[in-house]
Amino acid sequence: MCEDNQTDVTVFILLGFKGLYSYKILFFILFLFSYILVITGNLILVVLVSISEHLKIPMFIFLRQLAVADILITTTIIPMMLDIILRDTKEVFVTGCLIQIYIFDIFESVQCFLIAVMSYDRCLAICNPMRYNSIMSPDVCRKMIAASWLLACMLSIEIIVVCQLQFCGLNYIDHFFCDFGPIVELATSDTSTLLLVDMILSFVVFFIPFSFIIITYIIIFYTISKISLNSGRKKAFSTCSSHLATVFTYYGTLMIIYMGPSGDSSYVQNKLYSLLYIVVTPMMNPIIYSLRSREVRQTLHQVINIQTQRQL
């Protein structure tokens, strides 16, 4: 129960980009355009992998799921952010904020698991090419994808502890969405159990997959180093360069966000880093794979040519 001089919080007020409201039309157009690019680019990847037999291989099947996760995670955040930009602030019920945290955690965790699974796929393709097709069968791919989503849902159980928190008095959140950190800071009840659970889950969701990725790439680089021909080394490395770029952009941004300094000055930095993670990274993934993958470019050209011929 809240004290007599405090009120029980039922609504959070998101402050968004305070101090930049004079540029809100510019910000709105910029983020709306970015959102359209994210949705369009990732939808194109989903459609191309779904309709093309040449792209129905494990790497692109996993990439399709990553594109779906990118679409969902940006859709969870950006529409609310656009509304905040137009209104300057936004009131969100506590229940709505908790739902957004839970959904965001699921999609964030799925991305971590999928990127780790993709590194395993690249490791098999380079280090054990003779057995690659037998190991990475379509059934195994489906099971890995299902396991990633199931684990993500199960490991987002910290929302149960968050729901037990009590909020009294202050209800302003200096962010453009309901992020875990600012919500916990507003809690007036004991958060020690929640922080312990969050640390354990972060270890499982972020550190273990990232460590697995590092191990797989150590094996990959060792295998590539043993290839005698320079052309063979370049060809082997090119098969994992796109995924490696995704690893750097994804985990690099996460490390900046969650390992950065705390304090009032860090709020602005966290917003900027969150934009990198929520907007820039999902927008870059289709570009990275489209530029680096000859199969994607060829399939896109074929689809465009077919549509052009039909219109003629």
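Q: In E3, which residue is the bridge partner of Leu14?
A: Ile173 is the partner of Leu14 in E3. This is a predicted model, where local features need pLDDT of at least 70, side-chain atom pairs count only at pLDDT 80 or more, and totals for chains, interfaces and linings use all residues. Residues are numbered from 1 along each chain as its sequence is written, and side-chain values use heavy atoms, leaving out hydrogens and water.

Q: How many bridges join E1 to E3?
A: Strands (E, at least two residues) and helices (H or I, at least four) are DSSP runs numbered from the N terminus, and two strands pair if DSSP finds at least two bridges between them. Here, two bridges join E1 to E3 (residues 172–173), and these strands run parallel. With E2 (residues 90–93), E1 pairs in the antiparallel sense over four bridges; there, Phe12 has Val92 as its bridge partner.

Q: Are the residues of E1 buried or exposed?
A: Buried means under 20% relative accessible area, and exposed means over 50% (1.4 Å probe, protein chains only). In E1 (residues 11–14), Val11 and Ile13 point one way, Phe12 and Leu14 point the other way, and all are buried.

Q: Where is Ile183, and which residues is Ile183 in contact with?
A: Ile183 sits in helix H7 (residues 180–186). Contact means heavy atoms within 4.5 Å. Leaving aside neighbours within four places in sequence, Ile183 is in contact with Phe12, Cys97, Ile101, Phe167 and Ile173. Ile183 is buried, with a relative accessible area of 0%.
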